[in-house]
Amino acid sequence: MNDLVLQNNDVVFTQGDVRFNGYETLMEQAQEVAEYIQNIIVTEDNIKDVKKVLATSNKTIKELNDRRIQIKKELMKPYDEFARQIKEIESVVDEANQKVREKVQELEEIEREGKRETLEQIWHDKTQMLPYTYYITFDVFFKEQYLNKSFSIKKFEDELNDFVEKTQKDIEYLKTKEPEYLTEYLNVFD
């Protein structure tokens, strides 16, 4: 088998169930306590009692939050295991993919080198008649994009023909000018 195929029944999800049976009662109590706390007039005489009320309500809220956190952890256990399993499958496939990617890159690099040699040969064949060939080298003309699969040999030849034609015209024109113009042109081809 060469494909990973996820079947409909490979992953089964059953929604967790959390029942908060005492919600209404606790909400009523919370509203009563909140109203009581808001209406307390704090004095030096009742400060200890007020602190006890605050401590008791905070303790209950903490217990409620602790329970919420505990339930969340329990609910997340199956998900965390599921996520770990997916990561394990992913790492197995990624490892194999990486090995194949490296082989593909090696072959593509061999192809690119072969194409570069072909382009250099075409360059050499078409530029022999150019003057100043020691200045006008393949590397001066070459662009990395020429090695892309999408860039055809025909397109390279067309660009090369345009370059040779333009360069010949430019050199012929510059020969009629001061020698430093031609020297500068051969440095930048512009």
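Predicted model: local features only at pLDDT ≥ 70, side-chain atom pairs only at ≥ 80, totals over all residues.
Two packed helices are described by the angle between their axes and the distance between the axes. For helix α1, which spans residues 23–39, and helix α2, which spans residues 47–127, the axes come within 11 Å and cross at roughly 150°. Angles over 145 degrees count as roughly antiparallel, and α1 is therefore roughly antiparallel to α2. The crossing of this pair is left-handed. On the α1 side, the contact is made by Leu26, Val33, Tyr36 and Ile37, while α2 brings Val53, Leu54, Ser57 and Leu64. Sorted by class, the residues in this contact of α1 with α2 are seven nonpolar and one polar, with no charged residue.

Helix α2 also meets helix α4, which covers residues 153–174. Here the axes come within 11 Å and cross at roughly 35°, and the crossing is right-handed. From α2, the residues taking part are Lys115, Thr118, Leu119, Ile122, Trp123, Lys126 and Thr127. Their partners in α4 are Ile153, Phe156, Glu157, Leu160, Asn161, Phe163 and Val164. The contact of α2 with α4 includes charged residues, three of them, along with eight nonpolar and three polar ones.

Attention can now turn to the largest pocket, whose volume is about 340 Å³. Its lining consists of 15 residues, and those closest to the pocket centre are Leu26, Gln29, Ala30, Thr60 and Ile61. The largest share comes from α1, which supplies eight residues. In terms of class, the lining of the largest pocket holds ten nonpolar residues, four polar residues and one charged residue.

Terms used
Residues numbered from 1 in each chain as written. Heavy atoms only, no water. Axes fitted to C-alpha atoms, helices over the stretch in contact; angles between N-to-C directions. Helix = DSSP H or I, 4+ residues; strand = E, 2+ residues; numbered from the N terminus. Parallel < 35°, antiparallel > 145°, perpendicular 65-115°, else oblique. Left-handed = near helix turned anticlockwise from the far one by under 90°. Contact = heavy atoms within 4.5 Å. Nonpolar A, V, L, I, M, F, W, Y, C, P; charged D, E, K, R; others polar. 1 Å grid on protein atoms, 1.4 Å probe; cavity = no way out; pocket = protein on both sides within 12 Å on 5 of 7 lines; lining within 4 Å. Points joined across faces, edges and corners; volume = space filled by probe spheres on them.
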